[in-house]
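Hi everyone, thanks for coming. I'd like to walk you through one structure today, so please have the viewer open while I talk.

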Amino acid sequence: MSIENALLELRRLDDLAHQDTPLHRLDARAKVLATVLFLVSMLSLGRYEVARLLPFAAFPWLLATLGGVPLSLLLRRAALALPFVLMVGIFNPLFDRTVQLHLGPLAVTGGMLSFSSILLRSMLAVTTGLALVAVTGFDNICRALGRLGMPSLFLVQLQFLYRYIFVLVEEAGRMMHARALRCGAATRPSLREYRSLLGSLLLRTLDRAGRVHQAMLCRGFSGTMPEYGMPTRFGRAELRFCLACGLYLLAVRIFDLPLLLGGMAGGLFR
Amino acid sequence: MSHHILEVKELSYSYPDGTPALSGIDVTIHHGESVGLVGANGAGKSTLLQHLCGSHLPQTGRVRVGDVPVTHGTLREVRRTVGMVFQDPDDMLFMPTVAEDVAFGPLNIGLPPDEAERRVNEALELVGAAHLKRRPPYRLSGGEKRSVAIAAVLACSPDILVMDEPSANLDPRSRRLLIKLLRGFTHTKVIATHDLDLVFDLCERTIVLHQGRVMADGPTADIFTDSSLLYCCGLEPPLSLQPREGCTAS
């Protein structure tokens with residue numbers, strides 16, 4: 001995916017956050033809390049648990065469906081994280097060769113299980129994060145984090161990261177374009193070229209950071225980002241949403257739902 | 001109205017690597033004046049502007065905004081009086097939406113939310129950008145970004161407007177609208193630019209900088225008709241004063 005396309009996709013998520021659905025209207029804190037609970041309960045499962053991860057997919061699916069977010073967009077965006085995930089887990093099947101279970105003639109090793117588990121967890125986590133952005137908006141998430149007690153210093157960093165990623169990507173796009181025009185679009189930059197492109201981008205970024213800081217100081221900035229508009233309330237709808245999500249997530253964390261369903265299905269056929 | 005006077009006396013400044021940027025600048029700008037600051041690249045225009053809004057502090061000499069000397073301790077007061085519009089509007093628009101960006105200054109001053117909201121609406125109305133209120137800044141065109149950046153400064157109600165290259169990267173129509181907008185302001189204005197035609201349209205007084213020194217300070221019409229002075233400072237008369245041959249088909 002080209003830099004420009006990645007930027008367009010990111011903007012699409014931002015556009016989706018401006019929709020008006022019951023899920024969009026909920027106070028951002030409810031959605032952030034539910035997502036944190038989802039991440040904690042999913043990530044705390046054992047490393048060989050694969051089947052038990054599957055019921056967790058209901059949460060991002062629910063967010064996407066209720067929030068009118070196309071699942072294809074989420075999956076496409078989440079696929080961008082795949083190379084990094086593969087890097088993390090690729091050697092597990094080589095190192096952990098203890099056979100954990102047999103699927104017919106196929107012996108499944110611990111490494112294969114943990115690799116699948118890493119892959120599934122990452123995809124679930126990234127998809128949920130993207131769905132949260134698409135139904136809440138990044139700035140609302142930051143505001144919710146601030147109201148939940150995140151220190152202002154981290155909050156400002158997050159807000160700026162998101163605001164200037166567009167400027168930075170545009171700048172990187174211009175540099176890549178200028179390079180392509182001078183050495184043929186077909187050739188990819190060499191490692192050496194990447195080094196100088198990144199170095200130059202870093203210097204431009206530092207320059208811009210200095211100017212942005214000056215612009216903020218000129219308008220009275222003293223370390224805390226001011227909050228504009230009336231804050232939303234954490235009311236009954238938010239409480240109901242948190243309770244429903246919380247109960248489901250706790251249930252799938254405590255009970256082995258696929259095993260229970262499998263047992264019940266087995267009982268029916270017996 | 002001494003609090004609207006900008007006074008620069010014997011100001012000199014060198015960058016940390018020792019490169020001299022300003023030497024012995026003496027300038028006084030009075031209430032309601034519209035002053036163009038022109039000079040070739042590297043003449044010291046931006047550095048002088050940064051001294052006016054307290055982004056740089058004088059190494060030698062002094063800068064006063066009204067009765068207040070620009071020092072580390074008076075920056076808050078100075079910045080409430082002097083509103084600076086940066087060359088690149090992207091440097092000024094860092095909030096998620098236009099409304100939040102314009103409200104950033106008023107809220108930092110400590111205004112209550114409803115008063116900040118009123119200022120946001122007024123400022124956006126004034127620059128003709130009320131319809132952009134809910135848009136994220138990265139979705140704006142260059143001209144719209146410039147208008148919003150000006151609104152963001154106006155919302156702080158400064159007495160003095162300082163602008164760095166306000167017409168840079170604007171298409172002819174946006175530039176024309178900007179000139180119309182600025183002409184309507186009664187603020188004291190200091191405009192640093194390479195766009196001499198804009199200065200010709202807006203400023204009754206012009207200061208020419210060359211290699212960190214003031215080479216001329218006087219009525220715009222006199223300075224822009226002094227070709228030898230302009231050429232000597234790496235400038236040319238405004239396009240509107242230059243004879244043109246036009247392009248003919250061969």
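This is a predicted model: local features need pLDDT of at least 70, side-chain atom pairs count only at pLDDT 80 or more; totals for chains, interfaces and linings use all residues.

Which residues of E8(B) are buried on one side, and which on the other?

Now to the answer. On one side of E8(B) we have Thr188(B), Val190(B) and Ala192(B), on the other Lys189(B) and Ile191(B), and all of them are buried, so that both faces of the strand are covered. Strand E8 spans residues 188-192 of chain B, and five of its five residues are buried. As a reminder, side chains in a regular strand alternate between the two faces of the sheet.

Let's zoom out to the sheet around that strand. Chain B has an open sheet of six strands here, in the order E6-E7-E8-E3-E9-E10, and the pairing is mixed. At the edges sit strand E6 (82-85) and strand E10 (213-219) of chain B, each pairing on one side only. On average, neighbouring strands of this sheet are turned by 15° against each other, with direction ignored.

Four bridges link E6(B) to strand E7 (residues 160-164) of chain B, in the parallel sense. If you want a pair to click on, Met84(B) has Val162(B) in E7(B) as its bridge partner. Next, E7(B) and E8(B) run parallel and are joined by five bridges. There, Asp164(B) has Ala192(B) in E8(B) as its bridge partner. To get from E7(B) to E8(B), the chain passes through helix H6 (residues 172-183) of chain B, and this β-α-β crossover is right-handed.

Over to chain A, then. Chain A has 13 helices and two strands. Its C-alpha atoms fill a box of roughly 75 × 55 × 30 Å along the principal axes. Of the 270 residues in chain A, 40% are buried.

How is chain A divided into domains? The assignment gives domain 1 (1-150) and domain 2 (151-224). Their centres, taken over C-alpha atoms, are separated by 27 Å. Between these domains of chain A, 13 residues of domain 1 are in contact with 14 residues of domain 2. Together the two domains bury about 1200 Å², with 78% of it on carbon and sulfur atoms.

One residue to look at here is Ser152(A), which belongs to helix H10 (residues 152-183) of chain A. Ser152(A) has a relative accessible area of 29%, so it counts as partly exposed. Leaving out residues up to four places away in sequence, Ser152(A) touches Gly223(A) and Thr224(A). Its C-alpha atom is 9.9 Å from that of Cys142(A), 10 residues apart along the chain.

Last stop, the interface. 27 residues of chain A are in contact with 31 residues of chain B. The two chains bury about 2800 Å² between them, 54% of it on carbon and sulfur atoms. On the chain A side, Arg163(A), Arg219(A) and Tyr228(A) lose the most area to chain B, together 33% of what that side buries.

How values were computed
Residues are numbered from 1 along each chain as its sequence is written. Chains are lettered from A and ligands numbered from 1 in the order in which they are written. Side-chain values use heavy atoms; hydrogens and water are left out. Two strands pair if DSSP finds at least two bridges between them. Axes are lines fitted to C-alpha atoms, for helices over the stretch in contact, and angles run from 0 to 180 degrees between N-to-C directions. Buried means under 20% relative accessible area, exposed over 50%, partly exposed in between (1.4 Å probe, protein chains only). A crossover is right-handed if, with the strands pointing away from the viewer, the path from the first strand over the helix to the second runs clockwise. Domain bounds come from an automatic or database domain assignment. Contact means heavy atoms within 4.5 Å. Buried area is the accessible area (1.4 Å probe) that two parts lose on being put together, summed over both.
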